[in-house]
Amino acid sequence: MKTYNVAVVGATGAVGEEIIRIFEEIDFPLNRLVPLASSRSAGGKITFKGKDLVIKELTETVFDEENIEIALFSAGGSVSAKFAPFAAEAGAVVIDNTSHFRMEDDVPLVVPEVNPEDIAQWRNRGIIANPNCSTIQMVQSLKPLDDAFDLIRVDVATYQATSGGGKTAMEELVTQMKDFFNFTLNDSPHVKFPHQIALNLIPQIDVFMDNGFTKEEMKMVSETSKIMHKNIEVAATCVRVPVLRGHSESLTMTFDSAVSADEARTLLEKAPNIIVIDNPQKSQYPMPANCVDQNETFVGRIRNDLYREEVLHMWIVADNLRVGAATNAVRIAQKWVEMEGGS
Ligand code: A2P
């Protein structure tokens with residue numbers, strides 16, 4: 001059986017570390033794992049399956065030198081912009097976790113539970129894009145309902161954890177909480193977020209666009225249609241919340257015809273990598289604290305609208321570093337191996 005040389009670009013970051021943990025957990029046809037990061041981390045070590053691996057510096061030539069066949073990028077958009085073409089040029093398939101290539105026509109944007117067939121387009125540029133964390137868990141949950149009831153519109157409010165901004169963003173929340181208990185929160189600095197995040201909510205993720213929506217909100221709009229291959233109206237309000245890990249979303253979905261909450265629940269229970277937790281009488285529903293380190297999207301609070309029979313509401317939660325980033329990237333790699341590997 002063929003095995004692969006896999007590079008993890010951004011191996012010391014929040015998503016990179018999670019990718020490496022997933023490769024430890026699953027049965028992937030791995031020949032060699034090569035952790036790559038900046039010169040700041042090069043020479044340091046990570047432990048993988050009980051052995052030390054030396055972190056190498058990301059350079060233009062490293063993919064060629066290391067004979068890399070699969071390169072997973074999670075080191076920021078500018079790093080992908082500069083280095084992903086070198087990985088592709090060296091013959092690797094790039095699975096890019098940043099937004100840099102997502103909306104380019106010749107780059108497939110893939111959630112394996114929704115549009116695995118798009119992986120075949122990887123040959124255009126040698127690049128497959130991993131969608132935004134909030135989009136991934138949403139389209140996974142929308143797909144079985146769209147197949148059954150024909151989705152027209154989604155109104156979504158997100159409650160996004162600080163880890164979406166990387167390790168330093170998580171540290172900012174922790175530091176501010178410590179400062180709160182030391183009565184110095186008012187003087188606590190904020191760098192990753194536009195305001196204090198501890199004991200607060202910030203209804204702004206990324207910059208504002210001319211239309212009044214933020215860039216994060218517009219990513220949910222454009223990525224959803226690209227992945228689902230149909231024009232779906234999406235209105236998003238993305239909010240940063242003082243949670244370390246796990247994005248939550250409140251969805252209001254409008255379908256072409258009447259929809260029943262019971263039928264929707266049954267369909268979601270059968271859907272791949274979805275777990276329904278929906279027992280309100282016992283106060284059982286998905287919450288971020290319970291989704292950490294999990295590779296599934298959790299769905300609950302499924303209920304019909306009070307006024308319109310074609311409208312349904314639900315609440316979904318997933319580990320943004322896993323489902324929203326690392327797990328989806330690794331699942332793309334698995335699917336790529338299944339579809340294209342060895343060819
Ligand atoms: P390093 O630790 O060497 O700075 P996070 O998303 O948690 O903030 O992590 C970002 C990841 O991207 C880290 O692994 C970081 O490596 C890596 N990174 C950032 N800038 C570069 C760069 N210019 N070249 C290579 N890796 C980079």
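Trainee: Okay, V330 first: is it buried or exposed?
Mentor: V330 is buried, with a relative accessible area of 2%. Buried means under 20% relative accessible area, exposed means over 50%, and partly exposed is in between, using a 1.4 Å probe and protein chains only. Before we go on, this is a predicted model, where local features need pLDDT of at least 70, side-chain atom pairs count only at pLDDT 80 or more, and totals for chains, interfaces and linings use all residues. Residues are numbered from 1 along each chain as its sequence is written, and side-chain values use heavy atoms, with hydrogens and water left out.

Trainee: Where does V330 sit?
Mentor: V330 is in helix α9. Helices (H or I, at least four residues) and strands (E, at least two) are DSSP runs, numbered from the N terminus. The C-alpha atoms of V330 and H100 are separated by 19 Å, and the two are 230 residues apart along the chain.

Trainee: And V239, which strand is that in?
Mentor: V239 is in strand β10, and V239 counts as buried at 15% relative accessibility.

Trainee: Switching topic. How many salt bridges does the structure hold?
Mentor: The structure holds 27. A salt bridge here is a side-chain nitrogen of Lys or Arg within 4 Å of a carboxyl oxygen of Asp or Glu. The general idea is that side chains of opposite charge can pair when their charged atoms come close.

Trainee: What does R125 pair with?
Mentor: R125 meets E104 in a salt bridge, 2.7 Å from N to O. Both R125 and E104 lie in the loop between β7 (93-96) and β8 (127-129), so the pair ties together parts that are 21 residues apart in sequence. R125 is partly exposed at 31%, and E104 is partly exposed as well, at 28% relative accessibility.

Trainee: What about D319, which residue does it bridge to?
Mentor: D319 pairs with R245, and their closest N and O atoms are 2.8 Å apart. D319 is in the loop between β14 (311-318) and α9 (322-339), while R245 is in the loop between β10 (233-240) and β11 (247-255), so this pair ties together parts that are 74 residues apart in sequence. D319 is buried, with a relative accessible area of 0%, and R245 counts as buried at 14%.

Trainee: Where does the R265 bridge go?
Mentor: R265 forms a salt bridge with D278, the closest N and O atoms being 2.8 Å apart. There is also a network: salt bridges that share partners join E18, R21, E25, R245, D293, D319 and R322.

Trainee: How many disulfides are there?
Mentor: The count comes to 0 disulfides. A disulfide would need a pair of cysteine sulfur atoms within 2.5 Å.

Trainee: Now pockets. What volume does the largest pocket have?
Mentor: The largest pocket has a volume of about 1300 Å³. On a 1 Å grid over the protein atoms alone, a pocket is an open set of points where a 1.4 Å probe fits, with protein on both sides within 12 Å along at least five of seven lines; lining residues have an atom within 4 Å of a point. Grid points are joined across faces, edges and corners, and the volume is the space filled by probe spheres set on the points.

Trainee: How many residues line the largest pocket?
Mentor: There are 48 lining residues, and G76, G164, G165, G166 and K192 lie nearest the centre. The largest share of the lining, 4 residues, comes from α5.
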